[in-house]
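Take a moment with the sequence and the fold. Then follow the charges and the strands, step by step.

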Amino acid sequence: MAKNLLIVESPAKAKTIEKYLGEGFVVKSSMGHIRDLAKKNDAIDVEDGYKPNYVVPDEKKKVVAELKKIAKEAEAVWLATDEDREGEAISWHLCEVLGLDPAETKRIVFHEITKSAIQEAVKNPRTVNLNLVNAQQARRILDRLVGFELSPVLWRKISRGSSLSAGRVQSVAVRLIVEREAEIDAHDAKADFRVLAYFSVPDQNGVEREFKAECNKRFPDVEAARKFLAACGSAAYNVADVQVKPGKRNPAAPFTTSTLQQEASRKLSFSVSRTMAVAQKLYESGKITYMRTDSVNLSDLAVNTAKSVITDRYGADYSRPHQYKNKNSGAQEAHEAIRPTDLSVDQAGNDDAEERLYRLIWMRTIASQMSEAQFERTTVRIGITGREEQLVAKGEVLTFEGFLKVYQEDTDDEPSEELDGLLPPLSVDQDLPLGRMEATERFSKPPARYTEASLVRKLEELGIGRPSTYAPTISTIQKREYVIKGDREGTERAYRVLLVEAGGQPAERSETEITGREKAKLFPTDMGILVNQFLTEHFKTVMDYGFTARIEKQFDEIADGGIEWPTMIDAFYKPFHDNIEEVKETAERVTGQRLLGTHPKSGKNVYARMGRYGPMVQVGEVEDEEKPRFAKIVGDASLGTITLEQALDLLVLPRDLGEWRGDNLVVGIGRFGPYVRNNDKFASIPKDEDPMTIDEDRARQLILDKEEADRKKFIKAFEEEDIQLLNGRWGPYIKQGKKNVKIPKEIEDPSKLTLEEVLKIIEEAPARKRGGRRKAKKA
């Protein structure tokens with residue numbers, strides 16, 4: 001056995017590091033966290049200083065046993081988990097479980113997995129930083145207290161059973177998306193008219209060049225625009241002023257976690273979670289530095305290597321070594337930006353996703369050390385005889401590429417103005433012949449919906465969360481179905497265009513455009529809106545943006561050793577717990593119920609409301625002798641937008657399409673959405689198809705497709721015991737009534753199993769965990 005045991009989190013990281021250490025080391029992985037708070041209500045003892053009860057989960061006991069065995073035989077144990085608070089906590093938990101003294105055990109950190117970085121870290125070990133551990137513990141304990149106390153309140157007060165959850169950061173993120181949707185719904189599009197004039201003059205070579213100039217005033221309605229164009233048709237035009245100014249554009253700083261997530265979303269269409277997963281692989285294979293950081297610093301070695309690469313490839317004029325200052329005063333998750341470990345290598349040589357992300361990181365890092373781009377910007381003001389308004393033409397010419405030779409940062413914002421390239425030569429007092437002038441109706445735009453990238457940017461701006469929390473937060477709110485990421489086709493909208501040519505009168509035409517088209521945007525669900533309304537009404541402090549940011553700063557203070565974590569938790573928990581108890585007693589149960597009108601035949605009220613299985617419409621009252629009728633809301637309709645007409649259409653279901661194979665062919669809506677039914681066989685209707693328009697041929701095809709899929713899934717059956725052996729997404733399994741049991745992996749051919757063997761597997765299967773999460777002790 002080697003003298004030294006070095007423990008990291010992942011097998012991939014272990015494999016890379018083992019290459020750089022001599023025979024005296026064996027490198028093992030803890031497979032992430034080896035302990036966590038207990039799942040039950042004894043996780044935190046709030047009466048004993050919020051003492052946490054950590055347990056080793058069943059799936060980690062084998063890993064822990066192996067590490068204990070090797071640690072006992074080794075002369076020294078080294079901890080090489082990630083350098084952030086999460087990694088520091090893993091090292092501390094390893095000390096606790098393996099019986100190591102945190103004050104004596106060697107702890108090494110590094111920003112990149114390279115031979116020089118690993119060897120340097122081994123030369124300079126430290127011990128576990130308990131302040132960082134305490135900051136991570138405080139976050140974990142606080143978030144558990146909030147989740148375990150707040151979630152049951154939602155179960156009791158909102159009609160969805162125990163499927164709801166709330167969290168300190170996730171609930172605030174949902175609030176941002178809900179409030180943005182409300183702003184969009186409240187937006188009243190205002191129209192005005194934008195005027196562009198087109199002129200044609202000779203360039204340096206005598207070739208006629210057309211350029212455009214925009215009126216410096218917009219007109220509020222079509223009559224004002226028409227009057228202006230009528231006057232301009234017979235007007236003369238003269239260059240009033242020409243200004244030529246130099247301009248420059250600076251490169252963006254190297255990537256932090258949040259800026260990498262944003263740019264990968266814009267340029268590569270990666271989700272936030274995918275970006276982090278791919279970056280993790282690049283880090284563990286030694287290709288990039290640590291990927292959870294809010295620092296924009298680069299090491300001296302990286303700056304010097306970048307200078308050499310830029311000078312060799314592009315020339316000395318393109319090089320400008322530079323260190324950036326972080327705008328985030330609380331940045332302290334790591335000490336360097338995300339960059340390639342070797343800037344002379346511009347390709348990762350990995351799979352497509354890793355290659356694309358690596359190239360993005362390489363280009364951003366190299367560009368950050370390059371000269372600014374230089375422009376020549378020309379502004380021409382054109383006078384109109386008899387009018388106060390002026391026309392303005394703008395042109396921009398790139399005179400030196402600088403960093404743009406390698407990289408240009410994208411943005412979520414729409415460009416503020418359109419610039420021409422090089423304008424033709426123009427001089428003051430020069431007369432210009434008008435070609436044509438157009439006044440186009442334009443509409444004000446609502447605020448943009450969040451993408452994953454722009455939500456990360458907003459959370460960072462507000463000081464909510466840290467590099468390690470952005471991706472899990474965004475994934476969680478989508479998994480909980482408070483938010484969905486989706487596209488919208490948009491709708492057609494007509495707009496007016498007025499056109500006048502020199503010496504003529506304005507002519508009007510109508511054109512159309514698509515408005516409201518969205519791609520990969522975040523939309524709140526009905527449940528997300530309802531939960532947000534309840535939380536913002538009853539838990540104002542927890543849902544306050546400023547309060548959530550202050551909590552993050554207190555975590556930073558704990559990490560710096562400024563405050564004790566139990567003191568910080570206590571100041572939060574006592575008023576929060578009192579708030580919980582008050583809401584339990586006083587808050588009304590909420591369903592988001594909205595009266596849509598009355599049913600034309602029965603005269604009963606028709607409501608939209610939240611039911612146990614999601615948004616639905618209801619006809620009649622619960623108290624009526626005749627039970628109310630229900631229908632699930634499907635499609636783009638929501639609790640807040642569904643109309644009486646749409647609700648009545650849904651209530652037509654189930655629809656009988658006629659008889660087929662000795663039974664009715666029926667279209668309906670159930671707990672899991674719209675379906676087709678025939679002979680007790682159910683087939684789901686795809687989300688992009690309308691159950692109201694499904695015809696008999698399509699319904700039959702859906703049933704036939706489902707039967708074919710079931711045949712491929714089927715292995716064998718024991719009908720006398722109501723048992724089937726089936727192939728599932730996660731492998732073969734046994735289905736007995738409503739009970740599903742996984743077939744052990746060691747059974748190579750499930751089709752050869754006898755009834756007795758199947759019954760034994762069912763009997764020996766571990767009991768399925770039931771029930772939702774419960775609150776912390778005395779919480």
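Which residue forms a salt bridge with K69? The partner is E73, and the closest N and O atoms are 3.4 Å apart. Keep in mind that this model is predicted. K69 and E73 sit four residues apart in helix α2 (residues 61-73), so about one helical turn separates them. K69 is exposed, with a relative accessible area of 54%. E73 is partly exposed, at 42%.

Side chains of opposite charge can pair when their charged atoms come close. The count here comes to 58 salt bridges. Another one links R218 and E214, at 4.0 Å from N to O. R218 is partly exposed, with a relative accessible area of 39%. E214 is also partly exposed, at 24%.

Now look at E372 and R320. Their salt bridge has its closest N and O atoms 3.8 Å apart. E372 lies in the loop between α11 and β12, and R320 in the loop between α10 and α11, so the pair ties together parts that are 52 residues apart in sequence. E372 is buried, at 17% relative accessible area. R320 is partly exposed, at 26%. Salt bridges can also form a network: one links E9, K13, D82, D84 and R292.

Next, turn to the strands. β29 (residues 723-728) pairs with β30 (residues 731-736) in the antiparallel sense, over six bridges. A hairpin of two residues joins them. L725 stands opposite I734 in β30. β30 also runs antiparallel to β31 (residues 739-742), with four bridges. Here I734 stands opposite V741.

Finally, E719, E720, E721 and D722 form a negative surface patch. E720 lies in the loop between β28 and β29.

Methods. Residues numbered from 1 in each chain as written. Predicted model: local features only at pLDDT ≥ 70, side-chain atom pairs only at ≥ 80, totals over all residues. Heavy atoms only, no water. Pairing = 2+ DSSP bridges. Patch = residues over 30% accessible without salt bridge, like charges linked within 9 Å, V, L, I, M, F, W, Y side chains within 5 Å. Areas by Shrake-Rupley, 256 points an atom, 1.4 Å probe, with all protein chains shown as cover. Salt bridge = Lys/Arg side-chain N within 4 Å of Asp/Glu carboxyl O. Lys, Arg positive; Asp, Glu negative; His and termini not counted. Charge placed at Lys NZ, Arg CZ, Asp CG, Glu CD. Buried < 20%, exposed > 50% of the residue type's maximum accessible area, 1.4 Å probe, protein only.
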